[in-house]
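Subject: Structure handover

Hello,

Here is the structure for you to look at. My notes follow below it.

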Amino acid sequence: MRSVNRTMSFFSKWMAEVVRQPWLMLSLVIGPFLVLLMFGQGMKLGIPYPRAILVRPAGIESQGTIAPTAEDLDNSINVVGETNDMERARTVLRNGDLDMVAVLPPDPLTTIRQGQRAPVHILLSEIDPVRQTYAHSYISDQVSRLNQETIQKAIGKAQGSVDQVRDAASQGRQYVHTLQSTQGDVERARRTVRELKLVVDPLTETAGQAATAMQGASFVIPGFGRPSDQARRMTDAADSLKRNVDQADRQLSAGSTLTDADLVALDRDLAELERATADVKTIPAWVLSAPFELELENVAPVVPNYTSFYGPAVLALLLQHLAITLGALSMARIRLLGLMELLRTSPVRPSESVMGNYLSYGVLCAVAGGLLAVLLVFALGVPVIGSPLIVAGTLTLLVLSSLGIGFVISMLASSEQQAAQLAMLVLIASVFFSGFVVALESLSWPYRAVSYGLPATYAIRTLQDVMLRGLLREPLDLVVLGVVSVIGFFFTLQLFRREYRAR
């Protein structure tokens, strides 16, 4: 009981200080809660819509529809103007009045005919490497979309020829019906056939364009053969129709009349042409130009917002920093108050002193962490899909391991200022290397080794998995936190004993 009483004396001493400073506990809990609340409410991240100026070189207007227009780009960027002055566009961009400058290729058709891609030159003025990488990915995606829309335009234009063939075939059937009613009137038949020739002569070329559109499916999608079969039927019917019309024209020019067999042949070709175009299940141009589409399904049990995602990480960072800072300043405060000499002359053993410090600071951190966790869950709506016991156990191990690191710092630091600086250094390292800012996979070796030396790394990963995924994917993380806690306690005890024996 004496050992317990001596150990609890440290606990009662530090708890008395906390009771005398109620704003200390409020600042430890309410402060981080308000910061996280403001961050979650203020963070807005969506699809960018950058402001841009188009630099259109002289002569680009003559390049036809392949040159992108402001309307083509307006779905992905906010085109605020066009200019031919490249230097003016650069100046406006550097001054921050724009997000980008898009320089269109001066002669895209000539460049493509030479077997090269026509460059779309994009100018940025970005110093943030993360935003620069994101902008590169976004712009690359938009250029791919522009390529797809260019192909879509070409296929759509060719597909329009199918309707022209169908209309021409219907018009030709009317002329054949007229021929059937001439009944030996050679002059009238001759005029009708010549009018029919005006319809049929360009039909072969139009049918070829329509066939190209249908064969585009086989070209874009290898193995997609049915449109090619339909295209051959249509071109064969158009060629046969032209030959029969030319034959009828020659017969009538020679003074002969058309037989029923001639009219049947014309009607048969026109009917076949109508059937061929009617059988064509015209694949939309937007499907041919981009046959695959993204269907993204997130199988995570919950899709958190920014507050929910960063809440567990902020909680882990806060508890680690609080425990390390309190532990790091503990010995400096004992030295400042001259309590070490008193402890040496008292019956208190080093182990009792260490246990008392662990208990007092541990309870303080546990209360702060528990209150903050309650606020995160019930005030900010951060979900806890997994076991609350694992969450509580993770926070407990995080506090113990962080206190061990803090106590070791306090034993090694020569002053309160040095202890505070080392605690702050650990916090800065935790922000960048614990997975809070970037994923651990983004860090290369040997720099990733820093991550695995920080308790927050294991706590953040475990808390996010348990709270947001509902499962513990890395149970070894809890083992590591437990091992760090034991090692920290061992080194704290040994260093405290050395401090007792000093002088």
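R461 is partly exposed, with a relative accessible area of 25%. Please keep in mind that this is a predicted model. The partner of R461 is D477, and the two form a salt bridge with their closest N and O atoms 2.8 Å apart. The pair links distant parts of the chain. R461 sits in helix α18 (residues 455-469) and D477 in helix α19 (residues 476-501), 16 residues apart. D477 has a relative accessible area of 3%. The cut-off for buried is under 20%, so D477 counts as buried. R461, at 25%, is above that cut-off and is therefore partly exposed.

How many salt bridges does the structure hold? The count is 6. Side chains of opposite charge can pair when their charged atoms come close. Two further pairs are worth a look.

D99 and R51 form one of the salt bridges, with 3.4 Å between the closest N and O atoms. D99 lies in the loop between α4 (86-94) and β3 (100-103), while R51 is in strand β1 (residues 51-55), so this pair ties together parts that are 48 residues apart in sequence. Are these two residues buried, exposed or partly exposed? D99 is partly exposed, at 34% relative accessible area. R51 is partly exposed as well, at 32%.

D246 and K242 make another salt bridge, at 3.2 Å from N to O. Both residues lie in helix α9 (residues 226-253). They are 4 residues apart, about one turn of the helix. D246 counts as buried, at 17% relative accessibility. K242 is partly exposed, at 27%.

Stay in α9 for one more residue. Q251 is found in this helix too. Its relative accessible area is 17%, which is under the 20% cut-off, so Q251 is buried. What does Q251 touch, leaving out residues up to four places away in sequence? The answer is S256, T257, L258 and D262.

Now back to α18 and its packing. Helix α15 (residues 388-412) and α18 have axes that come within 10 Å and cross at roughly 170°. Angles over 145 degrees count as roughly antiparallel, so α15 is roughly antiparallel to α18. Which residues meet there? From α15 they are I390, V391, T394, L395, L398, S401, S402 and I405. From α18 they are P455, A456, A459, T462, L463, V466 and M467. The residues of this contact divide into 11 nonpolar, 4 polar and no charged.

Last, some totals for the protein chain. Its secondary structure comes to 19 helices and 4 strands. The chain has 503 residues, and buried residues make up 41% of them. The accessible surface is about 27,500 Å². Carbon and sulfur atoms account for 60% of that surface. Take the contacts between residues at least 6 apart in sequence: 79% of these join residues at least 24 apart.

If you open the model, you could begin with the D477 and R461 pair, then turn to the contact of α15 with α18.

Best wishes

Technical notes. Residues are numbered from 1 along each chain as its sequence is written. This is a predicted model: local features need pLDDT of at least 70, side-chain atom pairs count only at pLDDT 80 or more; totals for chains, interfaces and linings use all residues. Side-chain values use heavy atoms; hydrogens and water are left out. A salt bridge is a side-chain nitrogen of Lys or Arg within 4 Å of a carboxyl oxygen of Asp or Glu. Helices (H or I, at least four residues) and strands (E, at least two) are DSSP runs, numbered from the N terminus. Buried means under 20% relative accessible area, exposed over 50%, partly exposed in between (1.4 Å probe, protein chains only). Axes are lines fitted to C-alpha atoms, for helices over the stretch in contact, and angles run from 0 to 180 degrees between N-to-C directions. Angles under 35 degrees count as roughly parallel, over 145 as roughly antiparallel, 65 to 115 as roughly perpendicular and the rest as oblique. Contact means heavy atoms within 4.5 Å. Ala, Val, Leu, Ile, Met, Phe, Trp, Tyr, Cys and Pro count as nonpolar, Asp, Glu, Lys and Arg as charged, and the others, Gly among them, as polar. Accessible areas come from the Shrake-Rupley method with a 1.4 Å probe; for residues, only the protein chains shown count as cover.
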